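Dear colleague,

I am passing on the structure we spoke about, together with some notes on what turned up in it. Please look through the model first and then read on.

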Amino acid sequence: MKISRIKIDGFKNLKNVEIFPCEKTNIIFGENAQGKTNLIEALWTCSGVKSFRGTRDKGFIDINKDRAEIEVDFINSFRKQTINIACVKPQVRDKSVTLNGVKLKSVSKLFGNLDCVVFTPEDLELSKGSPDNRRGFLDLCISQIKNSYNDVISKYETILQQRNSLLKNIQSGISKRDELDVWDIQLSRMGAYISMLRYNYAKKLNLYTSGLYERISSNREKLELVYNSTVYDNLEGRDDFNGEMAEEYLKRLKENFSDDLKSGFTQVGVHRDDLFTNLDGLNSREFGSQGQNRSVALVMKLAQAYILEGETNEAPVILLDDVLSELDAKRQEFVKSKIEKFQIFITCCEKPTQNFENQKLFEVVEGCVSEK
């Protein structure tokens, strides 16, 4: 999969941008706050995923403009395709989204067309950060392969909020205990399904990361990823998410009702699970050094790209937003060696002195992008 043309105007500070990227390495350089990351974010938006910067709708359009438009041409194994996203003030939420001229309901419906994997400085904290980050990582990875999964996660979160609100109402005497049943049943079915998909993806992720980590650590340490469920003791080989798995999930919710009622929120379920990253049997989050945790995070993101390619038979586009500058020389070379077969977009502050084979350079100055 290759991006062949990028046209952007009015997205944040970017204006009148039209560039034709190289099919291999594209280096986007310029001083801070010029728009380099905005360009990466625009590409990521076209993949159908929420902004990795948490951009809200009102931040989509340049403060001095009334309209924003992103258009990307890309080529996969079958044909050339075009994605167009446009919106105008004040109805920024009402985005016009088209794929090859066909209107889609929302940006999320672009899932599975332009596949990207983004590396940001925040991703280097993936193994060291909160369990919520790792759950989000797993959910994103699965969503890129199974488009409907994102809707399941959204529905689960909505039902979970309803259940937690009801727990507080029961606690205060406004509602009755049996009103929970309808929410518990729905939560159990979706939770069982999410547990199954996350566990299976984590297994596949472990296969890739273990080999990658051996190389980046020069065989000094062994990495193992383990999905830790708060509901199930063992998920190996389980696939009956509409049957026994859902029943077991429901049973666990009922067993924990008293504790949930005291706390006012649901204490067990996929929203409390974690992905343990163990180095030689010890959790890297608790015992790993900064360097070790960065290496773990890097191999997790690299594995995401490899798995996505294997599942879709399309090589994703790699977006590196100011990540290489955060790494030492050894890790820089390791990352470069593992992504050289993909199309890559790299942002950095200074014009590089070292050339990549088959590359283009683009300078960003005050939202304008020019090839150098």
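**Burial, exposure and backbone**

Asp-239 is exposed, because its relative accessible area is 55% and the cut-off for exposed is over 50%. Please bear in mind here, and for everything below, that this is a predicted model. Asp-239 is found in the loop that runs between strand S9 (223–228) and helix H5 (244–255), and together with Asp-240, Glu-244 and Glu-247 it forms a negative surface patch.

Helix H1, which covers residues 36–45, presents another picture: nine of its 10 residues are buried, so the helix is largely enclosed by the rest of the structure. The buried residues of H1 include Lys-36, Asn-38 and Glu-41, and also Leu-39, Ile-40, Leu-43 and Trp-44.

Asn-164, found in helix H3 (residues 149–171), counts as buried because its relative accessibility is 16%, where the cut-off is under 20%. When neighbours within four places in sequence are left aside, Asn-164 is in contact with Gly-264, Phe-265 and Thr-266. Leu-180 lies in the loop between H3 and helix H4 (181–216), and at 0% relative accessibility Leu-180 also counts as buried. Residues up to four places away in sequence not being counted, Leu-180 touches Arg-163, Leu-166, Leu-167, Ile-170 and Phe-257. As for separation, Leu-180 and Gly-35 are 145 residues apart in sequence, and their C-alpha atoms are 49 Å apart in space.

The peptide bond from Lys-89 to Pro-90 is cis, with omega near 0°, and Pro-90 lies in the loop between strand S5 (80–88) and strand S6 (96–99). Asn-100, a residue other than glycine, has a positive phi near 55°; it is placed in the loop between S6 and strand S7 (102–104), and with a relative accessibility of 29% Asn-100 counts as partly exposed. Ser-218, likewise a residue other than glycine, has a positive phi near 55°. Ser-218 lies in the loop between H4 and S9, and its relative accessible area of 41% makes it partly exposed.

With best wishes

Definitions and conventions: Residues numbered from 1 in each chain as written. Predicted model: local features only at pLDDT ≥ 70, side-chain atom pairs only at ≥ 80, totals over all residues. Heavy atoms only, no water. Patch = residues over 30% accessible without salt bridge, like charges linked within 9 Å, V, L, I, M, F, W, Y side chains within 5 Å. Areas by Shrake-Rupley, 256 points an atom, 1.4 Å probe, with all protein chains shown as cover. Salt bridge = Lys/Arg side-chain N within 4 Å of Asp/Glu carboxyl O. Lys, Arg positive; Asp, Glu negative; His and termini not counted. Charge placed at Lys NZ, Arg CZ, Asp CG, Glu CD. Helix = DSSP H or I, 4+ residues; strand = E, 2+ residues; numbered from the N terminus. Buried < 20%, exposed > 50% of the residue type's maximum accessible area, 1.4 Å probe, protein only. Contact = heavy atoms within 4.5 Å.
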